[in-house]
Amino acid sequence: MNVRKIRPTSLAQRVGRSGRRHTPSRLVLISSEPWLFLQGYAALSLLKRGQLDSVLLVRKPYNVFAHQVLSLVLQRGSIPLDEFRQLNHSMQAWRWVKDDEKTQIFRFLRKQEMIEICGPDVIAGRALETLMEKGSFFSLFEEDEAFGIYAGDEKLAEVVPPPWMKRGSLIVVAGKAWEVMRMDAKKKRVDVVPAQDGRTLKLGIPGVVVSDAIRQEMKAIMERPYDYPDYPVLRQAIQNRTTATFAEDEQGNVRLQTFRGTKINHTLALMLSIVSQTECVRSSEWSSAISLTSRHFDLRKEIEKCQAVSWTKADFTAFFEREPERVEAFLEKTKYRALLPEPIRIEYILENLLDIEGAVAFLATLKTKKMVG
């Protein structure tokens, strides 16, 4: 099975769906990348102990609210304006939507001609029919279309290009950074060359968010591989790898290894981007590591700057307001983000895709001084 998408909960579901008729369930875990193998093994280890990772709920699905509002308009044909304005109060599921947020969304839907006000009623706007193509309106999942990624004549991989991808964008494929040279929508082809500069790669949330539980289990496996039944295989997977918080490669480049979940890692990477005012921050979902690609910065000193800040949502809001492409990168897997005005898109990220409190707590545990001797 694909270890890129393993969580204990999804792993349990997949095993449960196999061998249903007359044979026992069987799982085969294959990976050519050591970090991904460790992630898959950690999920399997947790599952064997009966520990399922907690469901990472979307606390405030503003996109679903906007979609359901339009669904109601389509279902009923028209809704009295007074009733329409009270939807977040009259429907229990949407009472978390604040009045000012509701107003922003309704005004945006009207501006986009998704809805219209006709006398005392709200009706479907002329642009709403554009969402009805191929029946996709009734699903909240994006239908992905893969492109081939080519370096010359060599096909590196097939990926679903995010909305922000264009000529000059940086992407990670096969563990390396590449610069996009051209995109051919008809041939479903993207041509790339090795990236030469230190610009940041777009920081978005992957299709599956890795939990703290898996990352902590990965660390435990690396620190005590002899406690696990597959010690010989694990020893091979973890060779030349360390659990040190600050690790250096052969060139002396330092990376912060957090062994924390996706939300905390992305929050930490954003903190570094904000305090250092650089686009050289890189976050690896495979190794749970954060680094700076420019030698002009000392990672430990930048972490100390992060520790000195009393972080609030306002710090991140201001950053996203200056970086609209970053907003799009975070929401690339979120269907109907186009139904939300920019302030609500940012609020969606802050509420659902980041963990400011968890990142601050992690920073408080760090000792940045390099030990000598």
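Me: How should I read the relative accessibility of phenylalanine 106: does it count as buried or exposed?

Reply: A residue is called buried under 20% relative accessible area, exposed over 50% and partly exposed in between, with a 1.4 Å probe and protein chains only. At 9% relative accessibility, phenylalanine 106 counts as buried. Please keep in mind that this is a predicted model, in which local features need pLDDT of at least 70 and side-chain atom pairs count only at pLDDT 80 or more, while totals for chains, interfaces and linings use all residues. Residues are numbered from 1 along each chain as its sequence is written, and side-chain values use heavy atoms, with hydrogens and water left out.

Me: How many aromatic pairs does the count come to?

Reply: Rings of Phe, Tyr and Trp (its six-membered ring) pair if their centres lie within 6.5 Å, and planes under 30 degrees apart count as stacked, over 60 as edge-to-face and the rest as tilted. By this rule there are 11 aromatic pairs. Among them is the tilted pair of phenylalanine 37 and tyrosine 41, with 6.1 Å from centre to centre and 35° between the planes. Both residues lie in helix 2 (residues 34-48), four residues apart, about one turn of the helix; helices here are DSSP runs of H or I with at least four residues, strands are runs of E with at least two, and both are numbered from the N terminus. Phenylalanine 37 is buried at 14% relative accessible area, and tyrosine 41 is buried too, at 7%.

Me: Why is the pair of phenylalanine 84 and phenylalanine 106 tilted?

Reply: The ring centres of phenylalanine 84 and phenylalanine 106 are 4.3 Å apart and their planes stand at 35°, so the pair is tilted. The pair links distant parts of the chain, since phenylalanine 84 belongs to helix 4 (residues 81-84) and phenylalanine 106 to helix 6, 22 residues apart. Phenylalanine 84 is buried, at 3% relative accessibility. Both rings also belong to a cluster in which ring pairs link Tyr62, Phe65, Phe84, Trp94, Trp96 and Phe106.

Me: Which residues of helix 3 are buried?

Reply: In helix 3 (residues 62-76), the buried residues are Tyr62, Asn63, Phe65, Ala66, His67, Val69, Leu70, Ser71, Leu72 and Val73. Just after helix 3, glycine 77 takes a positive phi of about 85°.

Me: How many salt bridges does a search of the whole structure find?

Reply: A salt bridge is a side-chain nitrogen of Lys or Arg within 4 Å of a carboxyl oxygen of Asp or Glu, and the search finds 15 of them. In one of these, the side chains of arginine 126 and glutamate 113 meet at 3.0 Å, N to O. Arginine 126 sits in the loop between strand 3 (121-124) and strand 4 (147-151), and glutamate 113 in the loop between helix 6 (99-111) and strand 2 (115-118), 13 residues apart. Arginine 126 is exposed at 60% relative accessible area, whereas glutamate 113 is partly exposed at 33%.

Me: Which parts does the salt bridge between aspartate 212 and arginine 260 tie together?

Reply: The closest N and O atoms of aspartate 212 and arginine 260 are 2.7 Å apart. Aspartate 212 lies in helix 7 (residues 212-223) and arginine 260 in the loop between strand 10 (254-257) and helix 9 (262-276), so the pair ties together parts 48 residues apart in sequence. Aspartate 212 is partly exposed, at 26%, as is arginine 260, at 21%. Elsewhere, a network of salt bridges links Arg59, Lys60, Lys313, Glu347 and Glu351.

Technical notes: The expected span of a helix is 1.5 Å times one less than its number of residues.
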